[in-house]
Amino acid sequence: MQFMLLFSRQGKLRLQKWYLPLSDKERKKISRDLVQTILARKPKMCSFLEWRDLKIVYKRYASLYFCCAVEDQDNELITLEIIHRYVELLDKYFGSVCELDIIFNFEKAYFILDEFLLGGEAQETSKKNVLKAIEQADLLQEEAEAPRSVLEEIGLT
């Protein structure tokens, strides 16, 4: 996978993960072009399209589009399955994920994506294992924040 973009029906970019080195200017241009192209497509059209030298695979869930760019020889159906698995992971974590969950908890959305994909390749296919790793990270974060809140309560910060 070259990159993944999540954007709203209004064309607002909500999450982007790049697995190839590009300048900010190039990333913005690619994002803008792809968002416009995908939003202009009719709902009944195929979720795959050839764009430049890449295959674009996208899927709409509620108000969000999940879009991935893969190389020409990569399997589109596996990419669709990766998108779906990511949505399932978000759903499990947030309990019926919505656009606001991504907006206000974008760091968690990135963390979940990083637990699932590494360098654009599926690292862990088991939802159970990914969710377990996320729960462990949440526990570590809570433990790290606990002493600070205790110090705040007694007025030492």
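Author: Let's begin with helix 2, where the face turned away from the buried side carries the exposed residues Leu-77, Ile-78 and Lys-92. Buried means under 20% relative accessible area, exposed over 50%, and partly exposed in between (1.4 Å probe, protein chains only). Helices (H or I, at least four residues) and strands (E, at least two) are DSSP runs, numbered from the N terminus. This is a predicted model, in which local features need pLDDT of at least 70 and side-chain atom pairs count only at pLDDT 80 or more, while totals for chains, interfaces and linings use all residues. Residues are numbered from 1 along each chain as its sequence is written, and side-chain values use heavy atoms, with hydrogens and water left out.

Reader: Which residues of helix 2 are buried?

Author: The general idea is that an α-helix has 3.6 residues a turn, so residues three or four places apart point the same way. Here the buried residues are Thr-79, Ile-82, Ile-83, Tyr-86, Val-87, Leu-89, Leu-90 and Phe-94. Viewed down the axis of helix 2, they fall within an arc of 155°, so they line one face of the helix. The arc is that of the directions from the helix axis to the C-beta atoms.

Reader: What span should the 19 residues of helix 2 have?

Author: The expected span is 1.5 Å times one less than the number of residues. For helix 2 (residues 76-94) that gives 27 Å, and the end C-alpha atoms are 27 Å apart, which agrees.

Reader: What is found at the start of helix 2, and what comes just after helix 2?

Author: At the start, a side-chain oxygen of Asn-75 comes to within 2.7 Å of the backbone nitrogen of Leu-77. Such a polar contact is a pair of N or O atoms within 3.5 Å; within protein, one must be able to donate a hydrogen and the other to accept it, and residues adjacent in sequence count only if both atoms are side-chain atoms. Just after the helix, Gly-95 has a positive phi of about 70°.

Reader: How many salt bridges are there?

Author: Side chains of opposite charge can pair when their charged atoms come close. A salt bridge is a side-chain nitrogen of Lys or Arg within 4 Å of a carboxyl oxygen of Asp or Glu. The count by this rule is 8. One of them joins Glu-99 and Arg-14 (2.8 Å, N to O). This pair links distant parts of the chain, with Glu-99 in helix 3 and Arg-14 in strand 2, 85 residues apart. Glu-99 is buried at 14% relative accessible area, whereas Arg-14 is partly exposed at 25%.

Reader: Which residue forms a salt bridge with Lys-29?

Author: Asp-33 does, with the closest N and O atoms 3.0 Å apart. Being 4 residues apart in helix 1, Lys-29 and Asp-33 are separated by about one helical turn. Lys-29, Asp-33 and Arg-52 are linked in a network of salt bridges.

Reader: Are Asp-138 and Lys-108 buried or exposed?

Author: Both Asp-138 and Lys-108 are buried. Their side chains meet in a salt bridge (2.3 Å, N to O). Asp-138 lies in helix 5 (residues 127-153) and Lys-108 in helix 4 (residues 106-116), so the pair ties together parts that are 30 residues apart in sequence.
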